[in-house]
Amino acid sequence: MTYKALTFFDLDGTLLDEHSQITSEIADAMARLRKNQVLPIIATGRTEPEVTAIREAAGITSNIVMNGAFIRIDGKEVFSDTLEPELCARMYQAVKDNGDELCYYNEKGYWATGHTEEMVGAYNYVCSPLPEIDPLHYETDRTNMLLVLGVGNDAYYHERFPELTFYRNTPFSIDVVKSGTSKGTGVKTLVELLGLEDVPTFGFGDGSNDFALLEACDHKIAMGNGIQELKELADFVTLKNTEGGIVHALKHFDLI
C-alpha cells in the first residue's frame with residue numbers, strides 16, 4: 001500500500017485518556033487517518049499483550065513495542081531484537097542484590113522474578129495485570145526487554161550495565177533494553193524495512209522516553225501535558241491528551 005504519511009503515537013499521556021482508554025474521538029481519528037492513506041502506529045514501552053485491547057479499540061494494526069525492540073506492521077512481525085540469556089542472568093542477580101525484582105518481556109507476554117509493592121504500583125500505574133512468577137523464564141524463551149521493579153538503585157544499574165539503556169517510565173519501574181535501542185531506532189528500522197524513506201513521519205509524545213521518538217520523526221509533536229524539555233524539542237505543542245490534543249494536532253498538519 002502507498003502511504004502519504006506515517007504517524008507514531010505514545011500511549012499514556014498521549015493517545016490514551018486519563019483512564020488509559022481510547023476515546024471514540026481517537027478511534028474516529030485513526031479511521032480517518034487510514035482513509036487518508038496515513039498509517040497510524042503505536043510506539044510504546046509496553047509489550048503486545050498489554051496493548052492488544054488498545055489496538056483493537058483504536059483500529060490500529062501496527063506497533064513498535066518494548067521501546068523499539070519489537071515491531072509489527074499490519075499484523076506481521078517484521079523486527080525482533082533480543083537480550084542474551086547470560087545478560088538476563090546477570091541482571092537477575094543484580095536486582096536480587098539490591099532487593100528489587102525483574103520482569104522478562106517478549107511479544108507474547110511478561111514474567112516476573114517475584115511480586116512486590118513496587119510491582120503492584122507499576123502495573124496499576126499503566127492499568128495492566130500483574131505478571132505470573134517465573135524467575136528463570138529467560139532460560140526457555142526469548143527476551144526483548146527487561147523491567148526493573150524498584151524505586152531506587154538507578155545509578156547502580158547504569159554503572160554496571162553500560163551495554164543496556166534504562167528508561168525510568170514510572171515511579172516504580174525502569175524499562176531496560178539494549179544500549180542504543182529506543183522508540184527512535186524503532187521508527188528508523190520500520191521506515192527502512194518498508195522502504196518509506198521519502199514518506200513524512202509524525203511523532204507524538206509526552207514523556208522522557210519520547211525524546212528519541214520525536215527526534216527520529218520529521219514532525220515532532222509534544223502534548224500540552226508533556227514535560228517541558230520535550231516541548232522545547234517539539235515543532236508543535238498541541239493541547240493536553242484530555243483536551244483533544246491528538247485530534248487538534250492531526251488537523252493542524254492536515255492529516256485528517
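## Surroundings of H137

H137 touches Y104, N106 and W111, when residues up to four places away in sequence are not counted; contact here means heavy atoms within 4.5 Å. The model is predicted, so local features need pLDDT of at least 70 and side-chain atom pairs count only at pLDDT 80 or more, while totals for chains, interfaces and linings use all residues. Residues are numbered from 1 along each chain as its sequence is written, and side-chain values use heavy atoms, with hydrogens and water left out.

H137 lies in the loop between β8 (132-133) and β9 (145-149). Helices (H or I, at least four residues) and strands (E, at least two) are DSSP runs, numbered from the N terminus. H137 counts as buried because its relative accessibility is 7%; buried means under 20% relative accessible area, exposed over 50%, and partly exposed in between (1.4 Å probe, protein chains only). The side chains of H137 and D134 are joined by a polar contact of 2.9 Å. A polar contact is a pair of N or O atoms within 3.5 Å; within protein, one must be able to donate a hydrogen and the other to accept it, and residues adjacent in sequence count only if both atoms are side-chain atoms.

## The six-stranded sheet

Six strands form an open sheet in the order β8-β7-β6-β9-β11-β10, with mixed pairing. Because β8 and β10 (164-170) each have a single partner strand, they stand at the edges, and one side of each lacks a neighbour in the sheet. Two strands pair if DSSP finds at least two bridges between them.

Strand β6 (residues 101-106) runs antiparallel to β9 and is joined to it by five bridges. Within this pair, Y104 is the bridge partner of L146, and L102 that of V148. Strand β11 (residues 173-178) is also antiparallel to β9, over four bridges, with I174 in β11 as the bridge partner of V148.

## Side chains of β9

Five of the five residues of β9 are buried. In a regular strand the side chains alternate between the two faces of the sheet. In β9, M145, L147 and L149 point one way, whereas L146 and V148 point the other way.

## Cysteines

Which number of disulfides does the structure hold? The structure holds zero disulfides, a disulfide being a pair of cysteine sulfur atoms within 2.5 Å. For C103, the nearest cysteine sulfur is that of C88, 12 Å away. C103 is buried, because its relative accessible area is 0%.
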